[in-house]
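This report describes one structure. It starts with a single side-chain pair and ends with the interface.

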There are 2 protein chains.
Amino acid sequence: MILDAGWITGFVDGEGCFFVGINSHPEMTAGYQVLPEFTVVQHERDVQTLYALKNYFGCGVVRKNHENRMAYRVRSVKHLLENIIPFFEKHQLKTKKRVDFQKFRRILLLMEKQIHLTSEGVEEIRRIAGQMNRGSLR
Amino acid sequence: MILDAGWITGFVDGEGCFFVGINSHPEMTAGYQVLPEFTVVQHERDVQTLYALKNYFGCGVVRKNHENRMAYRVRSVKHLLENIIPFFEKHQLKTKKRVDFQKFRRILLLMEKQIHLTSEGVEEIRRIAGQMNRGSLR
């Protein structure tokens, strides 16, 4: 299955998710770990589509999500910065998910500068992340 | 918002639905009414995307679905045959929703020949429709 950029943008507008988790992690200086991820979840019958996304982006993994669902997931900060973010900068999302992407991008750019390793950085990221994924259908 | 065919195909692979309802209708010769529809449902925050689809296809309506969701819906057999089906014949869906589309198309071609007005036609359509929209995520 060969994907093109237009199709991927439309599919991610429908099915994609940009998410930033912030977990307590006492061993880290700031006391928290920032965990960004880009995911696309599909029924297992469409796992082939997820492998095609993985192949297109050249990163990430396809794993069982729960029940009969599979997920394509990119968690590596390096891969998010080098593969995922440039794609959606070039090919703009058309739904309000674009706003989530922009916040996701801001957080990744802070992480690139290591700002998430300070308490102030974690607070700034928490503030941005708290405005993401509101009013979702799911 | 200007949409392109690639984006629409990806978005419908994620969010679109091809559905054929068969309702009892004693006044019709075959006793049943066949009601095909193409729908795309979104959270109300993305109603603009639905209007952009309506504008692109030049048919259908945008209506409240339920709660905070809106739907773009095409129910006219003429518009399905002339606008929607030719688009997805030209721009193939990539997920298993393509199989639903193919069955939907078969039913619409039967309806074009008025076959749904006979009891045998309704039974044939019921058989095809019964194989659609299985294993959906929702």
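## A salt bridge within a helix

A:Lys78 and A:Glu82 form a salt bridge, with 3.3 Å between the closest N and O atoms. A salt bridge here is a side-chain nitrogen of Lys or Arg within 4 Å of a carboxyl oxygen of Asp or Glu. Both residues lie in helix H3 (residues 77–90) of chain A; they are four residues apart, so about one helical turn separates them. Helices (H or I, at least four residues) and strands (E, at least two) are DSSP runs, numbered from the N terminus.

Over all chains, the whole structure holds 16 salt bridges.

## Model and confidence

This is a predicted model: local features need pLDDT of at least 70, side-chain atom pairs count only at pLDDT 80 or more, and totals for chains, interfaces and linings use all residues. Residues are numbered from 1 along each chain as its sequence is written, chains are lettered from A and ligands numbered from 1 in the order in which they are written, and side-chain values use heavy atoms, with hydrogens and water left out.

Chain A has a mean pLDDT of 93, and 97% of its residues reach 70 or more. pLDDT is the predictor's confidence in each residue, from 0 to 100. For the complex, the predictor gives an ipTM of 0.91 and a pTM of 0.92.

## Symmetry

Chain B superposes on chain A by a rotation of 180° with 0.0 Å of shift along the axis (RMSD 0.0 Å). That is the relation of a two-fold axis.

## The interface

Chain B and chain A each bring 29 residues to the contact, defined as heavy atoms within 4.5 Å. Of the interface residues of chain B, 100% are also interface residues in chain A, so the copies meet through the same surface.

About 2400 Å² is buried between the chains, and carbon and sulfur atoms give 54% of this area. Buried area is the accessible area (1.4 Å probe) that two parts lose on being put together, summed over both.

Helix H1 (5–15), strand E2 (32–43) and helix H2 (47–57) of chain B each supply at least two residues of the side that touches chain A. The largest share, eight residues, comes from H1(B).

Technical notes:
Copies are superposed by least squares on the C-alpha atoms of residues with pLDDT of at least 70 in both.
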